[in-house]
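Dear colleague,

Please find below the structure that I am handing over to you, followed by an account of what was found in it.

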Amino acid sequence: MKKLTAFTVAESLIVLVVIGTFVTITIASTLNLGKIKEEKILSTSRAFYASILNAYREIILYESSDMSTITSAAADEDTLADFFVEYLGGEAVSCEDKDFNTLDGEEGENCAYFPGGIRAKIYYDPQDPPGDVDKKDYYNKEDPTLDSATNAYGYITYTYKDSLGAFGKDTFRIAFGLRDVK
């Protein structure tokens, strides 16, 4: 007579416990990755917003002839982009680069890479304010609404490496006013 072999109940339970533990660890780490990414976007976007705010104020203070308005500091959009690159330690690049395809914008923008894996498009027109600009300065999970700035002289649209280009979630826009960001 042939002897049948099979797993015992104990062996089956051990296999199920090991598989269950592995699945639990995998799911927990996947959920934490999303939370970690959100926290990184939150802190990086707020830090970059503060850097832009400080740089914009310094540009007005040190680069404008009357130390009060941005129009006397930058005669065209190239100059303002150059100032941001200088003040924030960035690198000016061509907007034809594939990294900038997800960023919407206007004709005449300038693009740059900034520390922290941030890439940005900068638009500025001191002669003819473009009027209303849809903006979301930085990530704020408590307030997901988008804002609008009136009489903006330009903007900087920025995002991160490997972002999906979702405006207000991982892509943001800061509007420039005459004397401060809007």
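Serine 163 lies in the loop between E6 and E7; helices (H or I, at least four residues) and strands (E, at least two) are DSSP runs, numbered from the N terminus. The model is a predicted one, in which local features need pLDDT of at least 70 and side-chain atom pairs count only at pLDDT 80 or more, while totals for chains, interfaces and linings use all residues. Residues are numbered from 1 along each chain as its sequence is written, and side-chain values use heavy atoms, with hydrogens and water left out.

Is serine 163 buried or exposed? Serine 163 counts as buried because its relative accessibility is 14%; buried means under 20% relative accessible area, exposed over 50%, and partly exposed in between (1.4 Å probe, protein chains only). Leaving aside neighbours within four places in sequence, serine 163 is in contact with Arg119, Asp170 and Thr171, where contact means heavy atoms within 4.5 Å.

Ser163 also belongs to the lining of the largest pocket, together with Lys37, Lys40, Ile41, Thr44, Gly116, Gly117, Tyr160, Lys161, Asp162 and Asp170. On a 1 Å grid over the protein atoms alone, a pocket is an open set of points where a 1.4 Å probe fits, with protein on both sides within 12 Å along at least five of seven lines; lining residues have an atom within 4 Å of a point. This pocket holds about 210 Å³ of space, a volume being the space filled by probe spheres set on the points, which are joined across faces, edges and corners. Helix H1 gives the most to the lining, with 4 residues.

The overall architecture

The chain contains 2 helices and 7 strands, and along the sequence they follow the pattern α-α-β-β-β-β-β-β-β. Of the 182 residues, 37% are buried. Among contacts between residues at least 6 apart in sequence, 56% join residues at least 24 apart.

The sheet

Strands of a sheet pair through backbone hydrogen bonds, either parallel or antiparallel. In this model, 5 strands form an open sheet in the order E1-E2-E3-E6-E7, with antiparallel pairing; two strands pair if DSSP finds at least two bridges between them. Strand E1 (91–93) and E7 are at the edges with a single partner strand each, so one side of each has no neighbour in the sheet. From one strand to the next, the twist averages 25°; axes are lines fitted to C-alpha atoms, for helices over the stretch in contact, and angles run from 0 to 180 degrees between N-to-C directions.

E1 is joined to E2 by 3 bridges, and valine 93 stands opposite cysteine 111 in E2. E2 pairs with E3 over 5 bridges, with alanine 112 opposite alanine 120 in E3. These two strands form a hairpin with 3 residues between them, and glycine 116 in the turn has a positive phi of about 90°. Because 4 of the 5 residues of E2 are buried, this strand is largely enclosed by the rest of the structure. Between E6 and E7 there are 6 bridges, and isoleucine 156 has isoleucine 174 in E7 as its bridge partner. H1 packs on the sheet, touching E2, E3, E6 and E7, and its direction makes about 150° with that of E6.

The nonpolar cores

A nonpolar core is a set of buried Ala, Val, Leu, Ile, Met, Phe, Trp, Tyr and Cys residues joined through side-chain atoms within 4.5 Å. The largest has 32 residues, and those with the most contacts inside it are Ile52, Tyr56, Phe84, Phe114, Ile156, Tyr158 and Phe176. Two or more residues each come from helix H1 (9–63), helix H2 (77–88), strand E2 (110–114), strand E3 (118–124), strand E6 (154–160) and strand E7 (171–176). H1 provides the largest share, 10 residues. Another core, of 6 residues, lies apart from this one and includes Val133, Ala149, Ala152 and Tyr155.

Two further residues

Leucine 61, in helix H1, counts as partly exposed because its relative accessibility is 38%. Leucine 61 and arginine 179 are 118 residues apart in sequence and 9.7 Å apart in space, C-alpha to C-alpha. Asparagine 151 lies in strand E5 (residues 147–152) and counts as exposed, at 52% relative accessibility. Its phi is near 50°, a positive value in a residue other than glycine.
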